[in-house]
Amino acid sequence: MKIELLNVCKSFKGQVVLDNLNLTVEPNKITVIIGKSGGGKSVLLKHVIGLIRPDSGSVFIGDDEISALNDKKLNEIRKNFGMLFQDAALFDSMTVGDNIAFPIREHTRFSKAEIDVIVKEKLRQVGLKRVTQKMPSELSGGMRKRVGLARALALDPKIILFDEPTTGLDPIMCDAIDRLIVKTQRHTNATCLVISHDIDSTFKIAHKVAMLYDGKIIEYGSPDKIKWSENPVVKNFIAGKSISKH
Amino acid sequence: MLRFFEYVGKPFVLLIEAFGKVILLLVSTISWMVRPPYRIHEIFKQMEFVGVNSLPVVIITGAFTGMVLAIQTYYGFKMFGGESLVGATVALSMTRELGPAITALMVTGRVGSAMAAEIGTMRVTEQIDALYTMSVNPVQYLIMPRVIASIMMLPVLTIVSDFIGIVGGYFVGVRLLNINSGIFVARIIEFVALSDIVNGLIKSAVFGLILSLVGCYKGFGTFGGAAGVGRATTQSVVISSVSILISDYFLTAVMF
Ligand SMILES: Nc1ncnc2c1ncn2[C@@H]1O[C@H](COP(=O)(O)OP(=O)(O)OP(=O)(O)O)[C@@H](O)[C@H]1O
Ligand SMILES: [Mg+2]
């Protein structure tokens with residue numbers, strides 16, 4: 001499904017976060033959004049799944065304008081989504097296993113045994129073993145993130161949103177998660193929108209890259225296009241240099 | 001002068017606004033009750049938390065309330081030779097007033113605050129957003145079971161409190177103050193009508209609605225991290241307690 005943001009504006013208490021932002025996310029591809037910390041990437045992602053509504057402008061998922069739907073329709077559309085939150089947002093009153101099983105129990109009629117198999121498989125994919133009975137509070141930050149990832153993938157969604165899937169992981173685990181995202185996308189042909197700080201992994205997994213700066217997408221295209229961009233902001237961001245505005 | 005009205009009027013407007021929002025939440029909760037899935041499992045979990053786990057505190061407070069009532073009325077009634085009415089007074093006070101009120105206030109402190117804190121924490125850690133992204137409505141999943149469980153369990157706890165309070169009164173009156181046991185019980189049966197008990201239970205169901213709705217409302221509207229959760233929790237206890245006592249007056253005035 002195609003994702004389209006048209007002239008999206010969003011401010012919080014006078015602070016402009018998204019400023020007339022336009023972005024079309026190609027279906028069945030991995031699109032990575034890069035941009036500086038506090039630049040509004042998470043806010044952008046939450047617009048795509050209707051958690052935040054734009055002050056003006058619209059967000060389309062396929063042919064549906066998600067920013068204008070009522071709750072009931074919104075719920076229907078969200079069944080196509082899986083989302084990994086930046087801080088994982090695991091249900092802390094449930095075990096790891098129940099967290100991953102939760103969306104499956106809610107929206108399918110699989111038996112208990114079948115669900116157990118899926119949960120185990122998803123946990124294996126994110127490199128976790130023997131944690132099913134643990135509570136989220138007993139896990140490290142990186143482990144929580146991976147459980148969140150497993151939960152987001154539990155229903156093999158058509159659209160997957162990842163808010164910094166590899167932040168806080170060691171290099172080897174980063175690589176494994178990058179591979180998992182690519183593999184999952186290939187398997188399910190999902191539309192993936194990934195937020196990342198990590199330039200290396202961005203170029204490893206992305207079909208398309210979009211750079212968010214000052215509330216707008218200032219550069220969009222293939223990884224090569226971004227790599228050789230003439231835009232000084234993009235250049236500096238990729239080179240990892242801090243830029244002064246003057 | 002305008003300043004003055006603004007100063008006095010603003011809290012009032014905020015109060016009305018909050019009241020309206022609570023009513024809206026109630027309407028939404030009721031509308032989710034009649035739509036599947038019915039969350040039976042969640043409701044039972046909450047009934048255990050609200051009901052079973054509150055038993056110890058309800059038993060202790062009920063017993064001591066009955067006991068102190070017995071002592072107080074004994075010293076008062078002895079002045080005109082009315083000791084035989086101690087049992088009936090304790091029983092009427094417990095069933096009509098103190099059973100429902102003390103139970104509701106204790107459960108507010110134990111359960112209402114926990115609801116606000118738990119839902120508030122889920123709000124600030126994006127767990128409620130996560131529910132939305134999984135197409136699960138948090139009003140149905142989190143709030144509806146808590147409200148139903150509270151409405152059902154408060155009357156049960158109140159019956160326990162009534163009974164234990166009367167037993168406590170009996171213990172003090174008959175064992176410690178040497179009132180004749182037969183008369184103590186006979187007067188209770190003579191004076192306490194079924195309607196006294198039932199009306200007390202109806203009140204307690206309303207209190208259950210108030211404390212769960214306020215706790216959930218405050219938790220659901222939490223913002224601002226751990227400090228916000230603390231604020232929501234405190235406010236929920238204060239608002240619930242005050243609302244319970246105020247509504248108690250009006251319910252009593254209407255029913256008895
Ligand atoms: N609910 C909110 N209320 C007020 N301000 C908000 C809210 N959510 C985000 N903001 C503000 O919007 C800006 C962008 O936040 P956002 O979380 O999208 O940044 P980000 O690009 O994801 O950063 P990071 O890479 O550090 O996660 C921040 O300045 C933040 O203060
Ligand atoms: Mg972010």
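In these legends, Ala, Val, Leu, Ile, Met, Phe, Trp, Tyr, Cys and Pro count as nonpolar, Asp, Glu, Lys and Arg as charged, and the others, Gly among them, as polar. The model is predicted: local features need pLDDT of at least 70, side-chain atom pairs count only at pLDDT 80 or more, and totals for chains, interfaces and linings use all residues. Residues are numbered from 1 along each chain as its sequence is written, chains are lettered from A and ligands numbered from 1 in the order in which they are written, and side-chain values use heavy atoms, with hydrogens and water left out.

**View 1. The interface of chain A and chain B.** The contact (heavy atoms within 4.5 Å) involves 19 residues from chain A and 16 residues from chain B. About 1600 Å² is buried between the two chains, 56% of it on carbon and sulfur atoms; buried area is the accessible area (1.4 Å probe) that two parts lose on being put together, summed over both.

View 2. Two salt bridges (a side-chain nitrogen of Lys or Arg within 4 Å of a carboxyl oxygen of Asp or Glu) are counted between chain A and chain B. In a salt bridge, the side chains of A:Lys46 and B:Glu126 meet at 2.5 Å, N to O. On the side of chain A that touches chain B, α2 (71–78) and α3 (96–107) each give two or more residues; helices here are DSSP runs (H or I, at least four residues) and strands likewise (E, at least two), numbered from the N terminus. The largest share, four residues, comes from α3(A). This side divides into ten nonpolar, three polar and six charged residues.

**View 3. The largest cavity.** On a 1 Å grid over the protein atoms alone, a cavity is a set of points where a 1.4 Å probe fits but cannot get out, a pocket is an open set with protein on both sides within 12 Å along at least five of seven lines, and lining residues have an atom within 4 Å of a point. The largest cavity has a volume of about 130 Å³. Of its 13 lining residues, A:Phe81, A:Gly82, A:Pro103, A:Arg151 and B:Met134 lie nearest its centre. The lining comprises six nonpolar, four polar and three charged residues, and β6(A) provides the largest share, three residues.

**View 4. The largest pocket.** The volume of the largest pocket is about 1000 Å³, a volume being the space filled by probe spheres set on the grid points, which are joined across faces, edges and corners. Among its 35 lining residues, B:Arg39, B:Ser135, B:Val136, B:Asn137 and B:Gln140 are the closest to its centre. α2(A) gives the largest share of the lining, six residues.
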